[in-house]
Amino acid sequence: MKKISLILGVGLLLGSISANASNYRDITEQLIQKPGSSWKWSDLDSLKNVTWNEPLRSYNHQNVEHYVRFGQVASTNGNIEWSMFNASGFKSGPKEFQLQTSGEDISPDAVLSSVFNTKRLTEIESNCTRQEYNPQKFYKWQKDGYKPLYAINTSHLTNFGTIFDLYIYEDYKEMVSSINRSGDGPMLRTENGSSVSSCTFKS
């Protein structure tokens, strides 16, 4: 999650990428998998409207080999300006896609609807759901005939403004594990801002 950027010493990518809803929803459609299949690193090069900045790289963290690839989405005329579209996981394949943007005139709902058809979304209840304090929600996105996608739509306030992160997973357990190993950060907090050791969910 965001810790990957900290480990690698990577800040926000220079520049920004504008994308409209249809552009990002097309990418979402490309990420869904048929039952019995899963994401593979070799699939990334075939994603339309995505430009990868460099080849797949690996790094070691806590004696575990991680893999990451940094990318951007093709520029279109839209209202959401994205600064990254990154994939991370292990040798077996990607486990998480991260999109990030920032701004004062952007709402979490606008971020979500730019990527997902919200009619297919179901919110997952959690003790880490936040409505007011750095809004954060969790979702399941389902399309008939395909495996579901899971998403964390989160935000946090910095000295440079509000940062919005959208994380996408193909596995529910991976989503839960990812947020709970994120450490003492902005994601492991409740509505009133209190820190928690883990987030619990009602799936």
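Analyst: One term to start with: buried means under 20% relative accessible area, exposed over 50%, and partly exposed in between (1.4 Å probe, protein chains only). Arginine 181, for instance, is partly exposed, with a relative accessible area of 36%.

User: Okay. What kind of model is it?
Analyst: This is a predicted model: local features need pLDDT of at least 70, side-chain atom pairs count only at pLDDT 80 or more, and totals for chains, interfaces and linings use all residues. Residues are numbered from 1 along each chain as its sequence is written, and side-chain values use heavy atoms, with hydrogens and water left out.

User: What average pLDDT does the protein chain have?
Analyst: The average is 83, and 84% of the residues score at least 70. That score is the predictor's confidence in each residue, from 0 to 100.

User: Where does pLDDT stay under 50?
Analyst: Over residues 2–20. The model has 57 contacts (heavy atoms within 4.5 Å) beyond four places in sequence for that stretch.

User: How many helices and strands are there?
Analyst: The protein chain has four helices and eleven strands. Helices (H or I, at least four residues) and strands (E, at least two) are DSSP runs, numbered from the N terminus.

User: And how much of the chain is buried?
Analyst: Of the 203 residues in the protein chain, 47% are buried.

User: Switching to charges. How many salt bridges are there?
Analyst: Six. The rule is a side-chain nitrogen of Lys or Arg within 4 Å of a carboxyl oxygen of Asp or Glu.

User: Which residue does lysine 143 pair with?
Analyst: Its partner is glutamate 29, and the closest N and O atoms are 2.6 Å apart. Lysine 143 sits in the loop between β8 (137–141) and β9 (149–158), while glutamate 29 is in helix α2 (residues 21–31), so the pair ties together parts that are 114 residues apart in sequence. Glutamate 29 is partly exposed, at 33% relative accessible area.

User: What about lysine 147?
Analyst: Lysine 147 forms a salt bridge with glutamate 170 (3.6 Å, N to O). Lysine 147 is in the loop between β8 and β9 and glutamate 170 in the loop between β10 (161–169) and α4 (172–180), so this pair joins parts 23 residues apart in sequence. Lysine 147 is partly exposed at 21% relative accessibility, whereas glutamate 170 is buried at 14%.

User: Back to arginine 181. What does its side chain meet in a salt bridge?
Analyst: Glutamate 174, at 2.8 Å from N to O.

User: New topic: which residues touch the most other members of the largest nonpolar core?
Analyst: Phe85, Phe97, Phe116 and Ile168, out of 30 residues in that core. A nonpolar core is a set of buried Ala, Val, Leu, Ile, Met, Phe, Trp, Tyr and Cys residues joined through side-chain atoms within 4.5 Å. A second, separate core of 14 residues includes Cys128, Phe138, Tyr169 and Cys199.

User: Last one: is asparagine 153 buried or exposed?
Analyst: Asparagine 153 is buried, with a relative accessible area of 4%, and its place is in strand β9. A polar atom of its side chain lies 3.0 Å from the backbone oxygen of proline 108. Leaving aside neighbours within four places in sequence, asparagine 153 has contacts including Pro108, Val111, Tyr139 and Leu166.

Conventions
Polar contact = N/O pair within 3.5 Å; in protein donor to acceptor, adjacent residues only side chain to side chain.
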